[in-house]
Amino acid sequence: MTQRTTQQIITGQETSDGAGVHMKRLFPVQGIMQVDPFLLFDEFGSDDPGTYIGGFPDHPHRGFETVTYMLAGLMRHFDNKGNSGLLEPGGAQWMTAGRGLVHSEMPEQTDGLMRGFQIWINLPAAEKMVAPRYQDYRPDQIPAKTLANGTTLRVVAGSAGGIEGPVNGVSRQPLLVDVTLPAGTSWRNAVDAEATVLAHVFEGSAAIGGRDLGVTQMAVLGDGDEIEITAGPDGARVLILAARPIGEPVARAGPFVMNTRAEIEQAFADYQAGRFE
Ligand code: FE
């Protein structure tokens, strides 16, 4: 096995999106427009409803996938085809936007803590115009396992620690694991040697790929087929993400991610003409 080392550390920056939702954005930010195939990584977390209650009213997407993983709070989604669902704490939604949809993502609570992640994963040219598809998983549909050293894994996509996540039939062979490590413990896991691998610390601190990371910091890992994480003195909770890079040109404008400018203009034209309906 070849251990992956940390090549870069990204620190989340305060931003707001949607109708004024406050969050920490890891990327895209100036200098890091993507980490192929990942296009966006946001961590939202607030117990002040004023900073999340506006949610994400109706907006379109085309050409990629959005992944929402909730830690606390309730989020309701609706789309223009009548699909809807409720995301609960510990639940996940894997949405393949494909050729396009218009949806809203709104908090279904007026107080308390709202916390989670949104991740955008690109699709290759051949899959950008597939039919939209939702995979919504309740918390009890996401398998969890506690290892002998007390490390707990929740696997949303791919496999880790001998358990497999429910997400299926999507592009880029993704891995999404939520790992909770007690103070000082280590966890090693095999990862796809072909994949881009990210490790985001969202509680405590950890040594990942030879570097020390604090809360709201992400390691971008180099080549190899294994990762190792060692929790700091207060333990750690880390989101592990892996997916195969695409290596195609990226043309991006707001909620549309295509390969060329002309395809972006087509996306705006289709949206304005109601062809996402
Ligand atoms: Fe959205």
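Biologist: Let's start with two histidines: are H59 and H103 buried or exposed?
Modeller: Keep in mind that this is a predicted model. A residue has to stay under 20% relative accessible area for the label I'm about to give. H59 gets that label, and H103 gets it too: they are buried.

Biologist: Which protein donors does the iron ion have?
Modeller: Those two histidines are part of the answer. The donors lie 2.1 to 2.4 Å from the iron ion. Three of them use an NE2 atom and one uses OE. By name, they are H59, H61, H103 and E105.

Biologist: What do the angles make of the arrangement of the 4 donor atoms around the iron ion?
Modeller: A tetrahedral label would need all angles between 85 and 135 degrees. Here the donor atoms subtend 82 to 176 degrees, so the arrangement is irregular.

Biologist: Zooming out, how many helices and strands does the protein have?
Modeller: One of those strands, strand 5, holds H59. Another, strand 10, holds H103. For the protein, the count is 1 helix and 24 strands.

Biologist: What radius of gyration does the protein have, next to that of a compact globule?
Modeller: The C-alpha trace spans about 55 × 45 × 35 Å along its principal axes. For 277 residues, a compact globule would come out near 19 Å. The protein agrees with that, at 18 Å.

Biologist: What share of the contacts with a separation of 6 or more comes from residues 24 or more positions apart?
Modeller: The H59 and H103 pair already links parts 44 residues apart in sequence. Across the protein, residues 24 or more positions apart account for a share of 72%.

Biologist: How many aromatic pairs are there, and what kind do F117 and F202 form?
Modeller: The count comes to 7 aromatic pairs. F117 and F202 are 5.0 Å apart, centre to centre, with 75 degrees between the planes. An angle over 60 degrees decides the kind, so this pair is edge-to-face.

Biologist: How far apart in sequence are the parts tied together by F117 and F202?
Modeller: F117 lies in strand 11 (residues 114–122), while F202 lies in strand 19 (residues 196–208). Both residues are buried. The parts they tie together are separated in sequence by 85 residues.

Biologist: And what kind of aromatic pair do F256 and Y271 form?
Modeller: Their centres are 6.3 Å apart, and there are 65 degrees between the planes. F256 is in strand 24 and Y271 in helix 1, so the pair ties together parts 15 residues apart in sequence. F256 is buried at 0% relative accessible area, whereas Y271 is partly exposed at 29%. The kind of pair is edge-to-face.

Biologist: Last one: which residues does M129 touch, leaving out those up to four places away in sequence?
Modeller: M129 is in the loop between strand 11 and strand 12, and it is partly exposed at 43% relative accessibility. Its C-alpha atom is 7.8 Å from that of R62, which is 67 residues away along the chain. The residues touched are R62, G98, R99 and M258.

Terms used: Residues are numbered from 1 along each chain as its sequence is written. This is a predicted model: local features need pLDDT of at least 70, side-chain atom pairs count only at pLDDT 80 or more; totals for chains, interfaces and linings use all residues. Side-chain values use heavy atoms; hydrogens and water are left out. Donors are N, O and S atoms within 2.8 Å of the metal (3.2 Å for Na, K and Ca); water is not among the atoms, so sites may look incomplete. Four donors count as tetrahedral if all angles lie between 85 and 135 degrees; four count as square planar and six as octahedral if opposite donors are over 155 degrees apart and all others between 65 and 115; anything else is irregular. Helices (H or I, at least four residues) and strands (E, at least two) are DSSP runs, numbered from the N terminus. Buried means under 20% relative accessible area, exposed over 50%, partly exposed in between (1.4 Å probe, protein chains only). The radius of gyration is taken over C-alpha atoms; the globule rule is 2.2 Å times the number of residues to the power 0.38. Contact means heavy atoms within 4.5 Å. Rings of Phe, Tyr and Trp (its six-membered ring) pair if their centres lie within 6.5 Å; planes under 30 degrees apart count as stacked, over 60 as edge-to-face and the rest as tilted.
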